[in-house]
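Subject: A structure for you to look through

Hello,

Here is the structure I promised you. Please open it next to this email and follow along as you read.

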There are 2 protein chains.
Amino acid sequence: MQLERAKGTRDLTPEEEILKSHLLDTLKKTFELYGYNPLQTPLFERLETFKLKYAGGEEILKEVFTLKDQGQRDLALRFDLTVPFARYIGMNPNIKMPFKRYQIGEVFRDGPIKFGRYRQFTQCDIDIVGAKSLLAELELLTLAQETFKQLKLDTTLKINNIKILKALMRKTGIKEENEGSIILTLDKLEKIGKEGVEQELNQKGLEQEKIQELLSILLSKGSSQQKILTLKKILGENEGLQELEFLLKKIPNLVFEPSLARGLNYYTGTIYEGHLKNSEIKSSICSGGRYDHLISEMLKINRNFPTLGLSFGLDVILDAIKLQHKEEQKTVTKVFVIPIQTENEALKLCHELRKAGINTDMDLLTRGISKNLDYANYFKIPYVIILGTDEVKKKKFTLKNMNTGKEKLFTLKNLIKELK
Amino acid sequence: MQLERAKGTRDLTPEEEILKSHLLDTLKKTFELYGYNPLQTPLFERLETFKLKYAGGEEILKEVFTLKDQGQRDLALRFDLTVPFARYIGMNPNIKMPFKRYQIGEVFRDGPIKFGRYRQFTQCDIDIVGAKSLLAELELLTLAQETFKQLKLDTTLKINNIKILKALMRKTGIKEENEGSIILTLDKLEKIGKEGVEQELNQKGLEQEKIQELLSILLSKGSSQQKILTLKKILGENEGLQELEFLLKKIPNLVFEPSLARGLNYYTGTIYEGHLKNSEIKSSICSGGRYDHLISEMLKINRNFPTLGLSFGLDVILDAIKLQHKEEQKTVTKVFVIPIQTENEALKLCHELRKAGINTDMDLLTRGISKNLDYANYFKIPYVIILGTDEVKKKKFTLKNMNTGKEKLFTLKNLIKELK
């Protein structure tokens with residue numbers, strides 16, 4: 001038997017995990033600066049939960065991994081973090097509002113495998129429940145920009161509003177019951193291009209004339225302000241446009257993109273997507289929007305749960321960060337201790353260094369010096385200490401800088417100072 | 001339809017996640033001090049992998065969640081982190097040794113649900129591959145003790161050696177092919193008691209006389225040294241006893257427990273388990289041992305992969321930490337800003353505080369002061385700033401300490417200094 005991973009999955013090596021760990025720390029720190037608290041839901045849910053109205057939708061349900069427990073209950077691995085979050089709020093409807101949470105975790109889709117697309121991937125969501133004010137949008141978009149600044153990623157945040165799209169469709173004479181389906185197709189603009197979208201809208205029964213009218217407006221060129229003017233002429237007073245203008249005024253870097261749509265049909269207001277500038281990575285690195293009906297629909301009660309969310313694609317962000325770094329960090333270890341018949345003293349030295357907070361490793365195989373230096377070199381450990389009986393006697397330690405090759409003698413106290 | 005979680009799963013609330021996050025940070029920091037690097041494997045594997053010799057064993061395979069992908073491939077949610085780790089090494093046999101990694105992640109067992117037992121739980125494993133020296137045992141056991149010191153948990157580490165158990169069984173006249181099965185029963189001592197073990201060994205066909213002989217030795221009272229003396233008299237020279245004596249000499253707090261066995265049959269040498277002292281929690285909080293054959297068995301090649309591992313039960317450790325804390329931290333937020341018709345200025349103030357690294361939240365609902373104070377109180381946010389037009393004019397900020405109720409006036413600079 002050949003040892004293999006399950007199809008579409010991967011291991012993260014120490015190099016990749018070290019990088020991912022830095023990324024997660026930055027994200028968590030930034031979210032917490034804005035008052036978001038962590039929450040965790042299970043990796044699988046009852047299949048029924050994902051079949052709820054607005055939750056999955058047919059296209060996603062096809063890609064859900066299903067399983068049964070010993071009691072023959074139908075379960076499913078989660079395909080996103082939004083539905084489990086809505087389920088959590090639904091089960092805790094009296095939670096203090098606004099409830100601001102972030103969640104970082106694995107999600108699963110049993111779909112076709114492409115380069116950079118896996119069947120298990122990491123999502124990172126922040127959401128606010130119970131805030132209908134545009135202050136929520138303002139906060140989440142500011143937070144998105146701050147996050148990318150912290151990650152040193154040059155990003156464009158595109159914004160649109162479902163209310164504008166819907167008003168435009170009504171204006172074009174499209175029936176309300178078809179709106180959702182048409183928005184799903186519009187979301188594919190980037191993926192299948194203008195012609196692809198035209199074709200799909202045609203297949204969905206939309207007249208050629210209406211398709212042209214809709215797309216010509218959505219794809220009009222110009223600044224955010226020019227686009228707003230165009231749409232104002234067509235739509236007149238419109239709530240979506242007002243919301244948009246408020247946000248554009250407060251956050252000058254936002255880009256209004258009338259053709260921006262989202263492939264999930266639970267959005268009700270502002271929607272947004274982040275893209276890298278000048279990068280070979282073309283797919284979005286974050287996206288989200290306002291979904292005011294999802295939770296009430298789940299609960300089937302007549303109470304509002306205005307909700308706004310933002311989801312970061314951690315895998316694509318990791319790829320972007322990798323492109324920035326020339327060299328990967330292969331180990332967390334800062335100094336490697338090589339005992340030459342001084343095992344006990346080496347153990348003591350390691351203990352002192354670790355106590356001082358210095359990541360320390362030592363030879364566990366009683367190998368020779370050159371093999372140990374090879375090992376340290378391979379992992380690019382920055383410092384090495386070779387500990388002979390002479391050093392032990394004199395209570396001095398030779399620190400070898402593996403980058404420069406230079407050696408220097410230190411007392412324990414100064415050694416710790418140098419390595420800190 | 002009732003909203004529910006999948007049976008045997010749970011959500012972690014912000015309070016619990018904040019605590020867990022502190023715990024994980026401590027663990028990772030400690031592991032990295034000892035030169036262990038992070039690694040991550042997928043949450044599901046091919047079912048075949050878990051069916052490999054030494055991997056699961058029948059009792060565990062019964063509790064494995066199985067699933068299929070769209071290509072009808074048989075998959076399974078991982079039930080531990082050891083088998084996937086062995087699979088990783090098996091697929092990367094030329095990795096630089098010793099390879100020291102830690103992995104923290106969710107594992108799944110479709111078993112009966114009891115208080116504190118879930119179908120999804122968190123494991124935290126550290127392992128060394130490629131070190132047959134007892135220095136590896138020394139390091140891992142020291143690391144275990146250091147971890148518990150960092151977590152302020154008073155713990156007993158019990159140690160035993162499979163070689164001692166096997167020599168004793170041979171001495172008692174037990175056939176080699178029955179050894180594994182008998183060790184599995186011995187592991188249940190704590191769970192089903194002496195009588196239960198006697199009964200099960202009897203069912204497995206072991207003669208009453210041999211059962212009594214075996215148990216009387218394994219359960220003999222006395223200090224570690226006394227027990228070693230007893231066993232030396234019975235077994236004579238024994239590798240397991242020698243290894244044990246080396247470790248007991250180096251780590252004085254270890255307790256030799258001859259009846260300690262492990263419920264997995266891949267262990268080959270030193271085994272250990274950690275228990276809380278003076279605690280209502282009786283189950284082990286960490287365990288592990290040396291398993292030198294598992295990886296070579298998987299690879300079916302004639303090469304040694306001496307391996308040593310230690311696994312922490314994160315959920316039980318979290319329970320233990322909860323018992324220590326009288327009050328849970330409900331939010332990461334340090335200061336809550338309440339604007340009184342000063343929205344724009346409040347946003348600016350939040351920006352400054354966040355820039356200084358202070359976790360800041362603000363009212364997003366334009367509620368009145370008393371409702372906002374209730375909100376801050378509920379979450380036990382330590383500080384509140386009420387920002388009126390007067391404060392904005394004077395560029396002074398009133399900081400309310402929510403514990404003492406006292407208020408004090410600060411400039412922005414001093415405000416930041418006070419909150420840092």
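Before we look at the sheets, two terms: two strands pair if DSSP finds at least two bridges between them, and helices (H or I, at least four residues) and strands (E, at least two) are DSSP runs, numbered from the N terminus. Residues are numbered from 1 along each chain as its sequence is written, while chains are lettered from A and ligands numbered from 1 in the order in which they are written. Please keep in mind that this is a predicted model, where local features need pLDDT of at least 70, side-chain atom pairs count only at pLDDT 80 or more, and totals for chains, interfaces and linings use all residues.

In S9(A), A:Tyr272 is the residue opposite A:Ile159. In general, strands of a sheet pair through backbone hydrogen bonds, either parallel or antiparallel.

These strands belong to an open sheet of eight in chain A, with the order S1-S5-S6-S11-S10-S9-S7-S8 and mixed pairing. Its edge strands are S1 (37–38) and S8 (255–256), and each of them pairs on one side only. Helix H6(A), residues 162–171, lies across S7 and S9 of chain A and runs at about 50° to S7(A). (For such angles, axes are lines fitted to C-alpha atoms, for helices over the stretch in contact, and angles run from 0 to 180 degrees between N-to-C directions.)

Is A:Ile128 buried or exposed? It counts as buried because it has 26 C-beta neighbours inside 10 Å. The rule is that a residue is buried if 20 or more other C-beta atoms lie within 10 Å of its own, exposed if 12 or fewer, and partly exposed in between, with C-beta atoms placed from the backbone. Leaving aside neighbours within four places in sequence, A:Ile128 is in contact with residues including A:Pro98, A:Ala136, A:Leu140 and A:Leu308. Contact here means that the C-beta atoms of two residues, placed from the backbone, lie within 7 Å.

A:Pro98 deserves a click too: a cis peptide bond joins A:Met97 and A:Pro98, with omega about -5°. A:Pro98 sits in the loop between helix H4 (82–91) and strand S5 (99–108) of chain A.

Another backbone feature is at A:Thr366, which has a positive phi of about 45° although it is not a glycine. You will find A:Thr366 in the loop between strand S13 (360–362) and helix H15 (369–378) of chain A. A:Thr366 is partly exposed, with 13 other C-beta atoms within 10 Å. As background, most residues other than glycine have a negative phi, and most peptide bonds are trans.

**Over to chain B**

Chain B has an open sheet of five strands, ordered S13-S12-S14-S15-S16, with mixed pairing. Strands S13 (360–362) and S16 (407–410) of chain B have a single partner strand each, so one side of each is left without a neighbour in the sheet. S12(B), residues 335–339, pairs with S13(B) in the parallel sense over three bridges.

Helix H13(B), residues 314–324, has the buried residues B:Leu314, B:Val316, B:Ile317 and B:Ala320. Seen down the helix axis, they fall within an arc of 165° (the arc of the directions from the axis to the C-beta atoms), so they line one face of H13(B).

Chain B can be laid on chain A with an RMSD of 0.0 Å by a turn of 180° and a shift of 0.0 Å along the axis. That is the relation of a two-fold axis. The superposition is by least squares on the C-alpha atoms of residues with pLDDT of at least 70 in both copies. In chain B, B:Leu67 comes closest to the rotation axis, at 2.6 Å (C-alpha).

The contact takes 66 residues from chain B and 66 residues from chain A. H1(B) gives the most to the chain B side, with six residues.

Enjoy exploring!
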